[in-house]
Structures are given as structure tokens and as C-alpha cells.
Amino acid sequence: MTAPALPGLLEALRGFEAGTLSRDAYLQACAARADECEPWLKAFVTRVPTAQLTAAADGPLAGIPVGVKDIIATAGLRTTNGSAIFADHVPVEDAAIVTAIKRLGGTVFGKTVTTEFAFRHPGPTVNPWNAAHTPGGSSSGSAAAVAAGIVPLALGTQTMGSIVRPAAYCGVVGFKASFGAVPREGVHPLSGSLDHVGFMARSVDDVAYALALLGDPGYALADGADLAALRIDPQRGLAPLPSPSLALVCAPDWHKVGAEQKAVLEQVIAKLRRSGASVEEVIVPEIGAPTLESLRHILGREALDIYGDLVARYPERASAPLKGLVEESRAVTQAAYVTARRTQRELRAALSTRLSGYDAVLTVPASGEAPQGLHDTGDASWCAPWTFLGFPALTVPAGRSARGLPLGVQVVGTYGRDVPALRVARWIELVLAGQA
């Protein structure tokens, strides 16, 4: 795949403002790009017909086509949840975030492929850089559609690593805000205590702008402000945070991280230090077995409540991974679940305090390049602990493997410190581009 020539989110908005780019022409160009790529990419379950893609006259997202993950309800537009059980399901109401997109002038371009109920059974989407490799999951289609230049913004969800990991595999920016910062009403749940809605785009500026527009305006940030106060000028973007203090966290399962991914991380660290950053390795023993076990207990118990009866009623339409999740989760006791939820609350507070002396955490988003084959969407181990804690996290593209597949780094903030994490990531992005 060649790099997309169509503008990204803020770049397109600047073109609209300057009069050098027509909103309707941009929508039509995105549709033409989809026509070109979709026969092999397979990023969409359902697309809005090209003739119906018309730009709103005004609004901060007017003229912007958005890919919506297929577990997010869209009124009048099929929402399958990646499942044969919901193959013909057409919601009567939009999810809260889709309502917001439309109110702000944005255009729903189509429904992007998800793994079944955002768990492990993959859909048909391929990696845009090498069709023999997975795009990651569960937000497979959203990552691939942004990377291929079909849409400048797509919605994803993350319960373990389903935004950050596929974004890293596809070479785009994927951002998961702090738990609860983005509305989830109308999003089919996998685990209510772990599910996050987030954004995929081509730059940190773009996902920051999406948060400013689509985050819950009543969500209180750690500094006492709320998201209603977050304003980002499309002309200037997000102000970077230069020379940050970064905690390098080499966990969990660092021995499983590939040589190429480690080399990219080391190269990034060297560039950041030369540009004035402080990078100090910090040992966080809780980021590993304790968090992953507690996450599994929470996910299992909550998913069992949601899917136990569904699998029993439709066994022939449920995948082996979903059936396995239901069966394995029967062993999770109520006591284990309560303990895991307590651990989640206590570690969220304790690690927010312990890491408060740093502007952000720097780590890896995955073990390396996207795995070969489409049967497995990859290992979420390097994202899941941060999801469990509800910390904001995003991946920034940082290099390529020997086979030309993208590699990234992951930037993590403490709970409620979304804006500083984004500002650090913006600075890292500029450093890697030679612009800072």
C-alpha cells in the first residue's frame, strides 16, 4: 500500500477553512479511496452509499467522514456487533457518541469491522501494509480504514488492547482516554468495568481534537478541570509538552517483546533524550501478573453476565472463542470478582500517585509487528494493564520492521491526566518527525 494522499482530520479542516478543499469533494474522494481499497482491505461491514454522503453546512466536523466500529449503534444503519446473531440488526437510536458526531456536522461513513463482540474471533479485515498479516483487533476495520486513507477519523473500543494495538500494527495514532471520559451509551458491552471508547486518526493533534469535541463534557480531569474546558484550535493544534519527564516501564513479559520492537523503543529514547527529555526506567511490579489476573476475573464475570444466556440461546451462531470465554468464566467466583474490582480501584489510585512525578509513561504497544495470518489479532499484554487501571494511553508510529510493517511506542498518562499525556505524545511525534 502506498501512503494515503488524502488529508487527515485537522489538515482537511484547515483546507475547508482556507477554501482550498471542498467538503463534498473530500467526502467523494474518501468514497473513491474506499472503492479502490475495499475489495482487498475489507475494513467495512456496511458503507453509506456514496450518493448519500453529503457534507453538513457547518459545525466543527462538517465535511469529515467518520468510521464507526460495528459495536456502536447507528440508527437506521446495520450494526452487527461482528456476530452472526446480530447479522440483520438495525438500531432505532444512535449511540451517544454518534449523536454527538452528527450534531457537530460529521458524516457517518460506514461501520468498520470488529471482532465478534469485540472479543477474539476476527473478521475479514487485513493489514493495509501487508495483506498476509492481521490488522489487530478488536478495532480491526477502524485501524485499517484510517491507515489506508479512507477516513481521517474512526471510532474504536478497548477492553484490553483493542485500540492501541491495532493502531500500532497499522501505523496510525490510537487513543484511549481515561475510563469514563468518552460516552459509552449505545455501545455493545464486553465488560462494563473495562470498556473504553476511543479514536484512531493519523496524528496526535487529530485524536486530541476528537477528544475535545466528543469527550464527556462533564468528565472531571485530575487537575480539577473538565473536558468542556478543553479547546483545541484546528489551525494550531495541541500545544506540545517539550522536554518531558518520562517513566520507562519495561513490563509486563518483557522477554516476549521482539528485538525489532525493542530496537525502535531504544532509538526513540535516544532521540528524546537528545531533544531534552528525561527518561528513567521505573519498576512497577503490579504491571504484570497481578493486574492481568484481576482483569481476567473482571472481564470473565461481566462477560458471563452479558453473553452466557446469548450463547445458550444461539450456540450455532456463537464462535468458539466466545463459547470458551463463557465456559472459562463460570469458574470466576463472586468473591474473586469483588477482590479484582477492589484491586482495580486501589491500584488506580496508588499508581496514579506513584507515577505523579512524571509527565507520562513510555512503553511498547505490542511485542512487535503485526503477526502473520488472520486467525489471531495479537497479544494485548502490553496494553491491558493500563486499560485495567483506566489510564489514558495512545500509540505513536515510530518505525518499521524489516518486512515494512509499522512499529510504535505507547505513551500512558495517569488517571485523569489525559491532556498532559496527549501533549507529551505530540512532542514525541514532532521529535520523531525532526520538527522539535
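Mentor: Let us begin with a definition: helix axes are lines fitted to C-alpha atoms over the stretch in contact, and angles run from 0 to 180 degrees between N-to-C directions. Please bear in mind throughout that this is a predicted model.

Trainee: At roughly what angle do the axes of helix α8 and helix α9 cross, and is α8 parallel or oblique to α9?

Mentor: Helix α8 covers residues 289–313 and helix α9 covers residues 320–329. Their axes come within 9 Å and cross at roughly 120°. Angles of 65 to 115 degrees count as roughly perpendicular and those over 145 as roughly antiparallel.

Trainee: Which residues of α9 make the contact with α8?

Mentor: On the α8 side, the contact is made by Gly-300, Ala-303, Leu-304, Tyr-307, Gly-308 and Val-311. By class, the residues of this contact divide into seven nonpolar, three polar and one charged. The residues contributed by α9 are Leu-322, Lys-323, Leu-325, Val-326 and Ser-329.

Trainee: Is the crossing of α8 with α10 left-handed or right-handed?

Mentor: Helix α10 covers residues 334–354, and its axis and that of α8 come within 9 Å and cross at roughly 125°. This angle makes α8 oblique to α10. As α8 passes α10, the crossing is left-handed.

Trainee: How many charged residues does the contact of α8 with α10 have?

Mentor: From α8, the contact is made by Thr-291, Ser-294, His-297, Ile-298, Arg-301 and Glu-302. From α10, the residues include Gln-334, Tyr-337, Arg-341 and Leu-347. By class, the contact has five nonpolar and six polar residues, and the number of charged residues is three.

Trainee: How are α1 and α6 placed relative to each other, roughly parallel or roughly perpendicular?

Mentor: Helix α1 (residues 9–18) and helix α6 (residues 204–214) have axes that come within 7 Å and cross at roughly 80°. Angles of 65 to 115 degrees belong to one class. The two helices, α1 and α6, are therefore roughly perpendicular.

Trainee: Which residues of α6 make the contact with α1?

Mentor: The contact has four nonpolar, no polar and three charged residues. Leu-9, Leu-10, Leu-13 and Arg-14 are the contributors from α1. Those from α6 are Asp-205, Asp-206 and Tyr-209.

Trainee: What is the omega of the cis peptide bond from Ala-251 to Pro-252?

Mentor: Pro-252 lies in the loop between β7 (245–248) and α7 (259–274). The peptide bond from Ala-251 to Pro-252 is cis, with omega near -5°.

Trainee: In which loop is Ser-138 placed?

Mentor: The peptide bond from Gly-137 to Ser-138 is cis, with omega near 10°. The place of Ser-138 is in the loop between β3 (107–112) and α4 (140–147).

Trainee: Which phi does Lys-42 have?

Mentor: Lys-42 is placed in the loop between α2 (23–41) and β1 (44–47). Although Lys-42 is not a glycine, its phi is positive, at about 55°.

Trainee: How much space lies in the largest cavity?

Mentor: A search of the whole structure finds three cavities of 30 Å³ or more. Among the residues that line the largest cavity are Leu-355, Tyr-358, Phe-391 and Arg-417. The lining divides into six nonpolar, two polar and two charged residues. The space in the largest cavity is about 60 Å³.

Terms used. Residues numbered from 1 in each chain as written. Predicted model: local features only at pLDDT ≥ 70, side-chain atom pairs only at ≥ 80, totals over all residues. Heavy atoms only, no water. 1 Å grid on protein atoms, 1.4 Å probe; cavity = no way out; pocket = protein on both sides within 12 Å on 5 of 7 lines; lining within 4 Å. Points joined across faces, edges and corners; volume = space filled by probe spheres on them. Nonpolar A, V, L, I, M, F, W, Y, C, P; charged D, E, K, R; others polar. Helix = DSSP H or I, 4+ residues; strand = E, 2+ residues; numbered from the N terminus. Contact = heavy atoms within 4.5 Å. Parallel < 35°, antiparallel > 145°, perpendicular 65-115°, else oblique. Left-handed = near helix turned anticlockwise from the far one by under 90°.
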